[in-house]
Amino acid sequence: MQNVTLKVAGMSCNHCVNSVEGALKTIGATGKVDLASGTVNVDFDENKLTQDAIKEAIEEQGYDVN
């Protein structure tokens, strides 16, 4: 398992948290959003997912990953 923290712009409420965490769950990752810092901490199997795939899943929800 690998862990990465990504800066995500545009998150402001619980709906945002659910959207991002749900998108990550759909692709097989586990995410924990911190609204105060605008970050998401992601645990994933590097043999099954790439950071690019994780970023894409978040961006598909309408957020910008820096």
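Predicted model: local features only at pLDDT ≥ 70, side-chain atom pairs only at ≥ 80, totals over all residues.
Biologist: Is S19 buried or exposed?

Modeller: The relative accessible area of S19 is 14%, and the cut-off for a buried residue is under 20%. Because 14% falls under that cut-off, S19 is classed as buried.

Biologist: Which residues does S19 touch, not counting residues up to four places away in sequence?

Modeller: With residues up to four places away in sequence set aside, the remaining contacts of S19 can be named individually. S19, a residue of helix α1, touches Q61 and Y63.

Biologist: Where is G10 found, and is this residue buried or exposed?

Modeller: G10 belongs to the loop that links β1 (2–9) to α1 (14–26). Its relative accessibility is 57%, and exposed means over 50%. Because 57% lies over that cut-off, G10 counts as exposed.

Biologist: What separation do the C-alpha atoms of G10 and Y63 have?

Modeller: Leaving aside neighbours within four places in sequence, G10 is in contact with C16 and Y63. G10 and Y63 lie 53 residues apart along the chain, yet the separation of their C-alpha atoms is 5.7 Å.

Biologist: What is the order of the strands in the open sheet?

Modeller: β1 pairs with strand β3 (residues 39–44) in the antiparallel sense over six bridges, while two bridges join β1 to strand β4 (residues 64–65), again antiparallel. Strand β2 (residues 30–34) is joined to β3 by five bridges, and these two strands also run antiparallel. The four strands of the open sheet therefore have the order β2-β3-β1-β4.

Biologist: Which strands stand at the edges of the sheet, and why is one side of each left without a neighbour?

Modeller: Each edge strand has a single partner strand, so one side of each is left without a neighbour in the sheet. The strands at the edges are β2 and β4.

Biologist: What angle does the direction of α2 make with that of β1?

Modeller: α1 packs on the sheet by touching β2 and β3, its direction making about 160 degrees with that of β2. Helix α2 (residues 51–59) also packs on the sheet, where it touches β1, β3 and β4. The direction of α2 makes with that of β1 an angle of about 35 degrees.

Biologist: Within what arc do the buried residues of α2 fall?

Modeller: In α2, the buried residues are I54, A57 and I58, and the buried residues of this helix pack against β1, α1, β3 and β4. Seen down the axis of α2, they line one face of the helix, because they fall within an arc of 95 degrees.

Biologist: Which residue takes a positive phi in the hairpin of β2 and β3?

Modeller: The pairing of these strands includes V33, which stands opposite V40 in β3. The hairpin has four residues between its strands, and the residue with a positive phi, near 70 degrees, is G38.

Notes:
Residues numbered from 1 in each chain as written. Heavy atoms only, no water. Buried < 20%, exposed > 50% of the residue type's maximum accessible area, 1.4 Å probe, protein only. Contact = heavy atoms within 4.5 Å. Pairing = 2+ DSSP bridges. Axes fitted to C-alpha atoms, helices over the stretch in contact; angles between N-to-C directions. Arc of directions from axis to C-beta.
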